[in-house]
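Me: Hi! Could you walk me through how the two chains in this one sit together?
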Amino acid sequence: MEAVTAHALHRRFGAVPALSGVDLSVPAGSVHGLLGPNGAGKTTLVRILTTLLRPTAGTATVAGFDVLREPDRVRASIGLVGQHAAVDEILSGRQNLEMFGRLHHLGRSEARTRAVALLERFGLADTGSRAVSTYSGGMRRRLDLAASLITAPPVLFLDEPTTGLDPRSRSEVWEAVRSLVAGGTTVLLTTQYLEEVDRLADHVTVIDHGTVIASGTPSQLKGQLGGDRIDVVVSSPADLAATAALLAGLTGNTPDTDEDNRRVGVAVDDRMAALTATVRGLSDAGIAVEDVTLRRPTLDEVFLHLTATDDARMVTA
Amino acid sequence: MNRLRWALADGATLTRRDLDHWARQPAQLVIGLLFPVMLVLMFGYLLGGGMTVPGAVGGDAYREFLIPGTLALTMVFGLEGTFQAIKSDVARGVTDRFRSTPMASSAVVVGRSVADLLSAVVSLAVLVLSGLAVGWRWHDGLAAALAAFGLLLLLRFAMLWIGIYLGLVVRGEGALVAVQILVWPLGFLSNTFAAPSSMPGWLGAIAEWNPLSSTVGAARELFGNPGWGGESWVAQHAILMAVLWPALLIAIFFPLSVHRYRHLDR
């Protein structure tokens, strides 16, 4: 059973195409990550799937209902967390939840019970009667999530839920999403952060310029992208060549050398083993180093890679 | 039938939201109510001594004359509140969240209308009390006075739809300031504080044809308060125009607003 499907979705704003034929299929009960840079079309796609925007062409279903022909039934089946915390700043957390409960046509006492339960679940029970304007960014996000879960919808859309949050608030949101998924909710999540899909998603679709440029599980994608990287900064430029040769021998991949910064970088497959071997190898060779770092590829590197090589375009599960 | 019931329930939910705003921000409510009272005091006592009204002289007569104008001006300034509320919901994504729920799409405007009209009634009541305190009275009976209040609320209702439409259409941070600035000439280029006959000819004509002037003129007539008179057709038919002007504005901005709201998905 597919919770979300999209077929050949197009959307243009005037002459500007935002989506150019996107296909999507999200199995019920899974977390699907939609990864892409600003302006890739992620928000447009979410707005179409949540009935806020009409596609120029193409079809889509959510929870089995057509977004164009049965928008009311789609709306009754979804929760949406947009890019801004779309809650009333003046009202309290509890008043917000009760209002959205009423708008989902819950009875008065049911809306109240549900609001109290959600505040409890998202760690807002103590602050539930305070005005939202006094909340921290993370608390607002959690309230926003709670508001989208008033009716326990089977499908939840999260549009860049952690953009602009500090690391602690970000992990609070991740924790909340994980607990939802454990309850069987299907989640479609857009993000600019590789780390976020890595932590949360079962399946990832990468979009850029309104088209799907890659799709697969996070580990499949990372494999295609060359996985993690080790960067070594040496003390003396004279050691650059020796370091590059050493890293090539250890990893079997071709290192990049950045002479200006005295840095050699290489993709690695087994992070910890490669790190240990690199440090030991450098030490044995007597190369003085200033820094050794193990890191994930940045989104820039991901997109450079995806747009540079044709064989990485489609990774099928 | 079920649809209608939900539309009413959803409208009530959003009206309640605004009433909750008042309860949570009483200071804002009070400041909003005091602003027109301040206008009464400022024009009544600071400037009123220098004003002459046909058939009467001095500050007392000017205050008799001033109160209907301030009541109507407050209705026009209400446009800012409507605009601000609609625009901030759109900007913050609250409108999108509403639209992604199964609620009736009419509820946003129904809730807004009811809440804003309730707020207008409260403003009128406060202003009437302060008017009575500075010596203003209605002289032609309660029925005529109630008719005047009805016309004032009709003007507010017309402003409501202009505010909703602008709130849905206008983008950008400076928009509120722009609307606030534009509302002032609408308020002052009228017969509210000064006689159009005292203005340069073309300006006076614009002031006489200002919808606000018709409501002010009608209210003065119904309350039995002194007015500027005026020989022009529009000044002679103030009560008729106080009905026609708002009706025309509603006929323009109601469908525009509904269309705009329905097509937020375009």
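Predicted model: local features only at pLDDT ≥ 70, side-chain atom pairs only at ≥ 80, totals over all residues.

Me: How many residues does the contact take from chain A and from chain B?
Reply: Chain A gives 36 residues and chain B gives 26 residues, with contact meaning heavy atoms within 4.5 Å.

Me: And what area is buried between them?
Reply: About 2700 Å², with 55% coming from carbon and sulfur atoms; buried area is the accessible area (1.4 Å probe) that two parts lose on being put together, summed over both. A:I90, A:L103 and A:H105 supply 25% of the area that chain A buries against chain B, more than any other three residues.

Me: How many salt bridges cross the interface?
Reply: Three are found between chain A and chain B, a salt bridge being a side-chain nitrogen of Lys or Arg within 4 Å of a carboxyl oxygen of Asp or Glu. B:R97 and A:D144 form a salt bridge at 2.5 Å, N to O.

Me: New topic: which transmembrane regions does UniProt list for chain B?
Reply: The unreviewed UniProt entry lists several, including residues 142–168 and 233–256; positions follow the numbering used here, feature names are shortened, and annotations may be inferred rather than shown by experiment.

Me: How much of residues 142–168 is helix?
Reply: In chain B that span is 100% helix and 0% strand, with its end C-alpha atoms 39 Å apart; helices (H or I, at least four residues) and strands (E, at least two) are DSSP runs, numbered from the N terminus.

Methods
Residues numbered from 1 in each chain as written. Chains lettered and ligands numbered in written order. Heavy atoms only, no water.
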